[in-house]
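Here is a short briefing on how charged side chains pair up in a protein model. Have a look at the structure, then follow the points below.

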Amino acid sequence: MINLAETAYLVAMYRALESERVDALFKDPLARMLAGGKGEMLVEVIGEKDKITNAIAIRTYVIDNLILQLVNSKKIDTVINLAAGLDTRPYRLPLYASLRWIEVDLPEIIAYKEQALKDEQPLCWLERVKLDITNLALRRTFFSEINLATRQTLVITEGLLSYLHETQVALLATDIYEQSNLNWWLFELESSLALKNYDQVYARKIFDQYFANGNKTLLFAPEQGAEFFQQYNWKVAKSVSAWKKLHRLNRGIKFTWLLEIIMKWVANEYWEKIQQQGSIVLLERSPAVGDLVKTKEVVEKR
């Protein structure tokens, strides 16, 4: 089983490395302190430092912008960050003070974070909840309580879904949708191509060995992409290709323009799939289609 607490230090270190670049896409002044020596060690163990730092940087940058756009345009009053890890957005994004931001994670991560950031001041109304979100009963109770106190809620599951089985993702999609005021859902989504090429990525093998005793940690990468969520009454409000964003921000492989010309000529269909390797997806709840209760019963029987 993957140790989610450990990966939080790793991701924080990648954010620190990005923040220290002259051309940084964002600044996270708390990231290195939170990552600590454990984060530095993990980055060296996994390898491919520049490549993975770029990937995390693009993901963070896009999600940052989508959060700000949504909060400012849709009157979001509550943000729920599930499996928040060592994320510091409440301290670094220009959020309005009355915004309710709720970080949810395992007790050990919450305890460490509260101690490390005790002298820092968030820019919004920040709460932390110790909760294992794989505990269905506790999760549903939590969602229900938040739903009663909000009108427009954004749920974030950055860095989470790929570690869950399809059935777990389906149940999460259903549980969030059941609460009428949990209106938006933001996450990154791995492509099915990444799953097919799994064994060809050396860093992923090292990651799996360290965090999961060699077992595969990429579990959710649906063939139908973001359309997977339509069956649970979610519609895609926005989908941003991480690969294309890397290219536009000059963080991708060298001579991408030449590769693009060649690939479009000799293997255009495969090239289109490559460009969809990983995306950041924003979902919006849509009117229920069919009986949601029956849908949930079917999912739970899988």
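Arg 92 counts as buried at 17% relative accessibility (buried is under 20% relative accessible area, exposed over 50%, partly exposed in between, with a 1.4 Å probe and protein chains only). This is a predicted model, where local features need pLDDT of at least 70, side-chain atom pairs count only at pLDDT 80 or more, and totals for chains, interfaces and linings use all residues. Residues are numbered from 1 along each chain as its sequence is written, and side-chain values use heavy atoms, leaving out hydrogens and water.

**Arg 92 and its partner**
- Arg 92 and Asp 28 meet through their side chains in a salt bridge (3.9 Å, N to O); the term stands for a side-chain nitrogen of Lys or Arg within 4 Å of a carboxyl oxygen of Asp or Glu.
- This pair links distant parts of the chain, 64 residues apart: Asp 28 is in the loop between α1 and α2, and Arg 92 is in helix α4 (helices are DSSP runs of H or I with at least four residues, strands are E runs of at least two, and both are numbered from the N terminus).
- Asp 28 is buried too, with a relative accessible area of 3%.
- Both residues belong to a salt-bridge network, whose members include Arg 15 and Glu 188.

**Other salt bridges**
- The whole structure has 20 salt bridges.
- Glu 127 and Arg 100 form one of 2.5 Å, N to O.
- Glu 127 lies in strand β3 and Arg 100 in strand β2, so this pair ties together parts 27 residues apart in sequence.
- Arg 100 is buried at 17%, whereas Glu 127 is partly exposed at 21%.
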